[in-house]
Amino acid sequence: MLNNTEDAVQRWGPMVYRMAYAMVHSRHDADDVFQEVFLRLHRAAPQFRNEEHRKAWLLRVTVNCAKTLLHSPWRRRTAPLEDLYTCQDPEESAVCEALDHLDPKYRAVVHLHYYEGYSTEEIAELLHRQPSTVRAQLTRARRKLAELLKEEL
């Protein structure tokens, strides 16, 4: 029988990793964020009302850990090695490359909306932002992605 943390890793681990990678754009940093999120889950052992509550908690902690990593003094003084997440086909690769050029706050809302299927209201709650802010960020991200993809053609 699985304990609470093992169950969460099996069930929500891929989602947490995708969110971490979407924000930090480095496999090694995403691994660190992933580990920190589940370490915090294990240490805190919070009681959740249901699975959606646990999922939301994990996403919120993932966003917070990724932000902490992105703003750390150590990270500002280092140059990242090229660490691209490989995409299967050329069209998907162009989108992945365009996503790399987005600001992390835009990557987070795009990922939560398009990859995880959250509504703007749910994203606003997860990221502690106003729904109108999330909608504006999605609009700006779409516009920037369109510009980047047109440049590539």
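Here, buried means under 20% relative accessible area, exposed means over 50%, and partly exposed is in between (1.4 Å probe, protein chains only). The model is predicted, so local features need pLDDT of at least 70 and side-chain atom pairs count only at pLDDT 80 or more, while totals for chains, interfaces and linings use all residues. Residues are numbered from 1 along each chain as its sequence is written, and side-chain values use heavy atoms, with hydrogens and water left out.

**View 1. Asp7 and Arg54 pair up in a salt bridge.** A salt bridge puts a side-chain nitrogen of Lys or Arg within 4 Å of a carboxyl oxygen of Asp or Glu; here the N to O distance is 2.7 Å. Asp7 sits in helix α1 (residues 4-24) and Arg54 in helix α3 (residues 51-70), so the contact ties together parts 47 residues apart in sequence. Helices are DSSP runs (H or I, at least four residues), numbered from the N terminus. Asp7 is partly exposed at 27% relative accessible area, whereas Arg54 is buried at 2%.

View 2. Arg11 is partly exposed at 47%, and so is Glu51 at 29%.

**View 3. Asp7, Arg11, Glu51 and Arg54 join in a network of salt bridges.** By the cut-off above, the count comes to six salt bridges.

**View 4. Arg135 meets Glu121 in a salt bridge.** Their N to O distance is 3.4 Å. Arg135 belongs to helix α8 (residues 131-152) and Glu121 to helix α7 (residues 120-127), 14 residues apart. Arg135 is partly exposed at 38%, and Glu121 is partly exposed at 45%.

Definitions and conventions:
Helices (H or I, at least four residues) and strands (E, at least two) are DSSP runs, numbered from the N terminus.
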